[in-house]
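Please look through the sequence and the model shown here, and keep both at hand while reading the explanation that follows.

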Amino acid sequence: MGVKNIVNILEENGYKSVLLVISAMGKMTNALEIVIDNYVEKDKGLVARVDAIKTFHISIIKDLFGESRHKAFEQVEALFQDLESFLETNTSNDRSYIYDQIICFGELLSTTIVSEYLREKGIKNNWVDAKTIIRTDSNFRDASVNWKQTETLIKKNINTSVLNITQGFIGSDSKGNATTLGREGSDFSAGIIASCLGAESVTIWKDVPGVLNADPRYFKKTKLLKEIPYEEAIELAFYGASIIHPKTLKPLKNKDIPLFVRSFLNPKEKGTSISNYRSIKPVLPCYILKKKQLLISLSTLDYSFIIEDNISEVFGLLHKYQFKVDMMQNSAISFSICIDNKFDNLEKLVESLEEKFKVVCYKNVNLYTIRHARGRNIKMIEKGQKVLLKQRLESTAQLIMMAD
Ligand SMILES: Nc1ncnc2c1ncn2[C@@H]1O[C@H](COP(=O)(O)OP(=O)(O)O)[C@@H](O)[C@H]1O
Ligand SMILES: N[C@@H](CC(=O)OP(=O)(O)O)C(=O)O
């Protein structure tokens, strides 16, 4: 969301006792991922990549503060010095550790700029380093929250009577190293903080009117879901409706804190409300598309059955290599799984599986999930496509298709 939009939203909705959770600007997390690749692979393009990220942020502060040497320029410079110093002095080869120490700069930069801009506009605020309030384990890139310590830190470090600004997505381990909660984890950070503080509500501001019955990037005619029960929202997020991070809802549901999804383009509109409703309103089929999934079909080498013992072995490997299973189906001598290759561990997985099974792997498939599906909704999705696997459970249908 644009920095200037934040001012509108705060002025419109009030900002006493508000905590803002902000993610990195634009595509900065993706840009920093390339910096990380360049750094790890000792690519000569590293310096130019870092410079491009710096230029992007400097152009934003020039636009916000004019050419004058505002304090924000010094703060942004200082953050880039910290980043460069990490790149020069780091001795670790742990890619995930390196990833988290670098990727967090996207959020540190954005919150610093927003905090200064709000001050410039007369909106006093406290900038809070998320590393001082979100305590996690050291599972870099996908850290788990230590809820007890986090709650203590949040209650100790947040003054709830004022406006606070902190970074989404990041936390720290017990040694003070930066950690992250998984891509797109800013919503989850908001859920964690709200739960620890017993907040009245959480609002996530997006570029869409709210939660729609399909992602408008891939579906033409979408409709707004006005009310969604927590359970339904958890299912939608789990199946891949990327508007909400799947982990966000649990901490909110546990404390009955409603989640609003609203548009920063139309801040007066109510958007979607997720709470203890009986059913979604309006009741519509909801379409979820997950692209770039993997479909792996396993069969035994000697025609023995695929049963509990070898299935548990397969799951052991999936857990070891950090694969998330989207869908699975088995027969006597074959087992198919649709998985998300988030951590680039496919080669290692296939190598291990091939010791026991014949492995067929489709590397780029689309997974469609339809909630509240009727026959005609499924037919519409199937039309003209090559369906590799299909499953239906009550009103949820899942289809795996070859990508174009
Ligand atoms: N069911 C859905 N309803 C609305 N938007 C959706 C849905 N599923 C996916 N999206 C996508 O989520 C995007 C907003 O989420 P995201 O990109 O994570 O926002 P941000 O990066 O600003 O936090 C929308 O632009 C839309 O393309
Ligand atoms: N910046 C992080 C965290 C996040 O939540 O981002 P966004 O709000 O842009 O999805 C990411 O891109 O993964």
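Predicted model: local features only at pLDDT ≥ 70, side-chain atom pairs only at ≥ 80, totals over all residues.

How many bridges join β7 to β9, and in which sense do the two strands run? There are 3 bridges between β7 and β9, and the two strands run parallel. Helices (H or I, at least four residues) and strands (E, at least two) are taken as DSSP runs and numbered from the N terminus, and two strands are said to pair if DSSP finds at least two bridges between them.

Residues are numbered from 1 along each chain as its sequence is written, and chains are lettered from A and ligands numbered from 1 in the order in which they are written.

The strands β7 and β9 belong to an open sheet of 4 strands, which follow the order β6-β8-β9-β7 with mixed pairing. Because β6 (202-206) and β7 stand at the edges with a single partner strand each, one side of each is left without a neighbour in the sheet. Neighbouring strands of this sheet are turned by 20° against each other on average, direction ignored.

Another open sheet is formed by 3 strands in the order β1-β3-β2, and here the pairing is parallel. Its edge strands are β1 (19-22) and β2 (126-128), each of which pairs on one side only, and the twist averages 25° from one strand to the next. Strand β3 (residues 164-167) pairs with β2 in the parallel sense over 3 bridges, and 4 bridges join β1 to β3, again in parallel.

Helix α6 (residues 105-120) lies across β1, β2 and β3 and runs at about 160° to β3, where axes are lines fitted to C-alpha atoms, for helices over the stretch in contact, and angles run from 0 to 180 degrees between N-to-C directions.

Which helix is enclosed by the rest of the structure? Helix α9 (residues 230-239) is largely enclosed, because 7 of its 10 residues are buried. These buried residues are Tyr-230, Glu-232, Ala-233, Ile-234, Leu-236, Ala-237 and Tyr-239. What covers them includes β7 (227-229), α10 (249-254), β9 (272-275), β10 (286-300) and β13 (357-371), with contact taken to be C-beta atoms, placed from the backbone, lying within 7 Å. Just after α9, Gly-240 takes a positive phi of about 120°.

Some loops also have backbone details to note. Lys-42, in the loop between α2 (28-40) and α3 (46-65), has a positive phi of about 50° although it is not a glycine, and Lys-42 is exposed, with 7 other C-beta atoms within 10 Å. Gln-322, which lies in the loop between α11 (308-320) and β11 (324-330), is likewise not a glycine and has a positive phi of about 60°; with 16 C-beta neighbours inside 10 Å, Gln-322 counts as partly exposed. In the loop between β9 and β10 lies Pro-282, and the peptide bond from Lys-281 to Pro-282 is cis, with omega near -10°.

The ligands come last. Around ligand 1 there are 14 residues, the closest being Val-208, Leu-212, Asp-215, Ala-241 and Ile-243, where a residue is near a molecule if its C-beta atom, placed from the backbone, lies within 6 Å of it. The residues around ligand 2 include Ser-23, Ala-24, Thr-29, Gly-106 and Arg-183.

Technical notes:
Buried ≥ 20, exposed ≤ 12 C-beta atoms within 10 Å, placed from the backbone. Contact = placed C-beta atoms within 7 Å.
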